[in-house]
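Hi,

Here is the structure I promised to pass on. Have a look, and my notes follow below.

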Amino acid sequence: MEVINGVLFHAVGASSASLCYTPQRKVKGWSWQTYWLAQAAVCWLLLPLIVAYITIPEIATVLKEAPASAMQRSFLLGIAYGVGGTAFGIAIRYVGFSLTYAISVGISCVLGTLLPPLVAGTLGTILSGTGAGYLISGVTMGAIGIAVCGLAGRSKEKDIERQSKTESAFSLAKGLPLCLLAGVLSALYGFSLNQGQPIADVAAKYGAGNFQGNIIYIFSNSGAFISTLLYCLYLHRKEKTFAEYRSTGESGLGMNYLMSILTGFLWYGQFFFYGLGHVRMGKYEFSSWAIHMILLVLLSAVTGLMLKEWKNSSGKTIRLLAVAIVILITAVLLLTQGNKLGAVE
């Protein structure tokens, strides 16, 4: 039952992540970097500190006793993840959101899942365990489903281009390397959490229980914030947009900050519930990253349908999306079954 609860917590976190970009629609008069840095300050900097303070007993003692090497590794890997996020944002300009999502998240799903046990030297042992076949099938199906979902998204973008008769700025030569970079570096976030586990172990010793993972976010998320901060400051200086924090040139400054805070809460929500799901996955907890990524793509597609983002798509596009959803659901079921079998071994 704990495995099922873990998957459900991952689903809640993925739901939060799938909705986190919707508040951006209400932001007026701000450049991308102003909005992005405002919400990043909430998600990557403030909430990890606040939530850790609330949920980790004797946090000062935990931080004093936790290994400095684990803190450093988690922080540095978080910085790399932040660079991956920036590459993701730039790639969208050249190949669109859907292909960027498919390539980057697909790579992150596979690499981020297998990297921790591979580095720890336990991958061979894990793959020979009960239920491991379901896990490998689930990760493989998930990567395929993410790719098909990306193809459906690209087909939708082509439908829109044909209907609006606008020229596309599509450039695979420029976008593909950025997608690959984003996928590899984004996978390092899962590895950042893995490397920060010794910190969580100390927190568990002092009674943090299922909230133990919240202490790791202080380091992994602040690392991501540093790289995000540097890139946004570069854009602010280049485009002279620092003044936007004080004025939008029109009404709505308060709404912009409110939407940024909401985005930050939704984005952080995925990490909070990821941690609650991760501690319940048992022997195969490394599969948490795959489950989270697959559910994120699946629920993002469902959210898009609910928001009627696909209403003018062709029949071919809708069929591709339907196939992707079926594959992604199958992947989640396979991963769940593999974890259940591993839990009773």
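Which residues form a nonpolar patch on the surface? They are Leu-45, Leu-46, Leu-49, Ile-50, Tyr-53 and Ile-54, and together they have about 610 Å² of accessible area (Shrake-Rupley method with a 1.4 Å probe, where for residues only the protein chains shown count as cover). Patch members need over 30% relative accessible area and no salt bridge; nonpolar side chains (Val, Leu, Ile, Met, Phe, Trp, Tyr) are joined within 5 Å, like charges within 9 Å. Leu-49 belongs to helix 2, residues 32–55 (helices are DSSP runs of H or I with at least four residues, strands are E runs of at least two, numbered from the N terminus). Leu-49 is partly exposed, because its relative accessibility is 43% (buried is under 20%, exposed over 50%, partly exposed in between, with a 1.4 Å probe and protein chains only).

Before going further: this is a predicted model, so local features need pLDDT of at least 70 and side-chain atom pairs count only at pLDDT 80 or more, while totals for chains, interfaces and linings use all residues. Numbering runs from 1 along each chain as its sequence is written, and side-chain values use heavy atoms, with hydrogens and water left out.

On to salt bridges (a side-chain nitrogen of Lys or Arg within 4 Å of a carboxyl oxygen of Asp or Glu). The whole structure has 2 of them. One joins Arg-280 and Glu-2 at 3.8 Å, N to O. Arg-280 sits in the loop between helix 10 and helix 11 and Glu-2 in helix 1 (residues 2–19), so this pair ties together parts 278 residues apart in sequence. Arg-280 is buried at 14%, whereas Glu-2 is partly exposed at 44%.

Lys-205 forms a salt bridge with Glu-65, with the closest N and O atoms 3.0 Å apart. That pair links helix 8 to helix 3 (residues 59–65), 140 residues apart. Here Lys-205 is exposed at 59% relative accessible area and Glu-65 partly exposed at 39%.

What about the cysteines? The disulfide count is 0 (the rule asks for a pair of cysteine sulfur atoms within 2.5 Å). For Cys-43, the closest cysteine sulfur is in Cys-20, 8.0 Å away, which is too far for a bond. Cys-232 is in no disulfide either, as the nearest cysteine sulfur, that of Cys-43, is 13 Å away. Cys-43 is buried, with a relative accessible area of 0%, and Cys-232 is buried with 0%.

Cheers
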